[in-house]
Structure formats: C-alpha cells, structure tokens
Amino acid sequence: MTPEECVKSRIESFQARLAERNIDLAIITKPVDIYHFSLFNPVVQSMKSFMLIPQKGEARLLLHALRGPHARKESPIQSIVCYAKWGSTPSIAEDPFEALRLAAAEYGLSHPVVGAELGALTYSDYKSLRAKLAVRELEDVTGLVSAEKLVKDALAIERLRMAAD
C-alpha cells in the first residue's frame, strides 16, 4: 500500500467514525494526529495548524503560509490552504481562526456539529473556534482519533520497524 493509499484509507475510516457519531466536521490540531492523517509534520508549534476532516468530502490542511510549501511537497493531501503572509505563498486570511472559518465554510455546513481534540485546545482557541464556526455543538473527538490510531496499517508498521532498526 502506498503512503497516499494509507492516508486515504485512514481518512475514510475516520469519516465513518464521524458518521456514526453524527459529527459533521472534525478539526484536528495535535501535530502527531495531523501527521497521522496527512503525513505532514507541522513542526513549528507556535504556528497554528489544522486538519479538517469532514464526514463526507475531501480533507484539508490549513497551515501558516511559511509551512504551506513544505506540506505540498511532503503530504499526499491535495487541499492545502494557508493563512498569514510569507513570501509569495497564497493565503486566505491573516488570522488563523478567520482562515479556519473560511476553509470550513467551503464544506457548506450550516451550524455544524464539530469535533475537535478539546484537551489539546487552549481556552482562548476553544472560544475562537466556537465563535468563528458558529457550531451547533462542539464534541471531543480525542477518543475517536486514538481509536483510529490503535490498529496499525502497513505504513505505520513499516515506519515502526524503521525506527526500531
């Protein structure tokens, strides 16, 4: 299985979990989990990074413009959008939460049930997320993400073996 196929399979499996819980959109913020679903490591913790995974449709990475070009080289995710300014990298907004609102709006959801890794959000980020997305409910998907990562696919096993050598 290629890395692209593994990422596609991981996202599709997670989307099924979202459907079971009636969650319209998951916003992944923990770098290790963004990597799991995109094969891109955000690295720079001071710059907010988001992985948007809708119940139906294409997943999207939202990154600081500094990281956008790196993500396009490293990740099989096709939809990568950026916020802030860095060189000639296109950006949809200056503010990360305004960019999140715009990126999420492209899914056409009205007052969605949104899932996020609530334990990984600061209180300020939690308030910004609720306010910008006009969510009906905000659910914790930390357990869903953990359950998704529990069973290792071929790519994860290969990388664990490489790390053990």
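Buried means under 20% relative accessible area, exposed means over 50%, and partly exposed falls in between, with a 1.4 Å probe and protein chains only. By that rule Ser79, Val81 and Tyr83 point one way from strand 4, Ile80 and Cys82 point the other way, and all are buried. This is a predicted model, in which local features need pLDDT of at least 70 and side-chain atom pairs count only at pLDDT 80 or more, while totals for chains, interfaces and linings use all residues. Residues are numbered from 1 along each chain as its sequence is written, and side-chain values use heavy atoms, with hydrogens and water left out.

**Overall fold**

- The protein has 7 helices and 6 strands. Helices (H or I, at least four residues) and strands (E, at least two) are DSSP runs, numbered from the N terminus.
- The order of elements from the N terminus is α-β-α-β-β-α-β-α-β-α-β-α-α.
- The radius of gyration is 15 Å, which agrees with the value near 15 Å for a compact globule of 165 residues. The radius is taken over C-alpha atoms, and the globule rule is 2.2 Å times the number of residues to the power 0.38.
- Along the principal axes, the C-alpha atoms fill a box of roughly 45 × 40 × 25 Å.
- Of contacts between residues at least 6 apart in sequence, 57% join residues at least 24 apart. Contact means heavy atoms within 4.5 Å.

**Surface and charge**

- Buried residues are 45% of the 165 residues.
- The protein exposes about 8600 Å², and carbon and sulfur atoms supply 53% of that area. Accessible areas come from the Shrake-Rupley method with a 1.4 Å probe; for residues, only the protein chains shown count as cover.
- There are 21 positive and 21 negative side chains, and the centres of the two sets lie 3 Å apart. Lys and Arg count as positive and Asp and Glu as negative, with His and the chain ends not counted. Each charge is placed at NZ of Lys, CZ of Arg, CG of Asp or CD of Glu.

**Strand 4 and its partner**

- Strand 4 spans residues 79-83 and is mostly covered, with 5 of its 5 residues buried.
- Strand 3 (residues 60-64) pairs with strand 4 in the parallel sense over 5 bridges. Two strands pair if DSSP finds at least two bridges between them.
- Leucine 61 stands opposite isoleucine 80 of strand 4.

**Helix 2**

- Helix 2 covers residues 31-38 and holds aspartate 33.
- The buried residues of helix 2 are Asp33, Ile34, His36, Phe37 and Ser38.
- They pack against helix 1 (3-20), strand 1 (25-28), strand 2 (50-54), strand 3 and helix 6 (142-150).
- Aspartate 33 counts as buried because its relative accessibility is 3%.
- Beyond four places away in sequence, aspartate 33 touches Ile28, Glu117, Val145 and Lys149.
- Leucine 39 follows helix 2 and has a positive phi, near 65°.

**Alanine 104**

- Alanine 104 lies in helix 4 (residues 96-105).
- Its relative accessibility is 9%, so alanine 104 counts as buried.
- Leaving out residues up to four places away in sequence, alanine 104 touches Leu25, Leu52 and Leu133.
- Alanine 104 and isoleucine 53 are 51 residues apart in sequence and 9.5 Å apart in space, C-alpha to C-alpha.

- Aspartate 165 sits in the segment after helix 7 (154-164).
- With a relative accessible area of 83%, aspartate 165 is exposed.
- Aspartate 165 and glycine 57 are 38 Å apart, C-alpha to C-alpha, and 108 residues apart in sequence.
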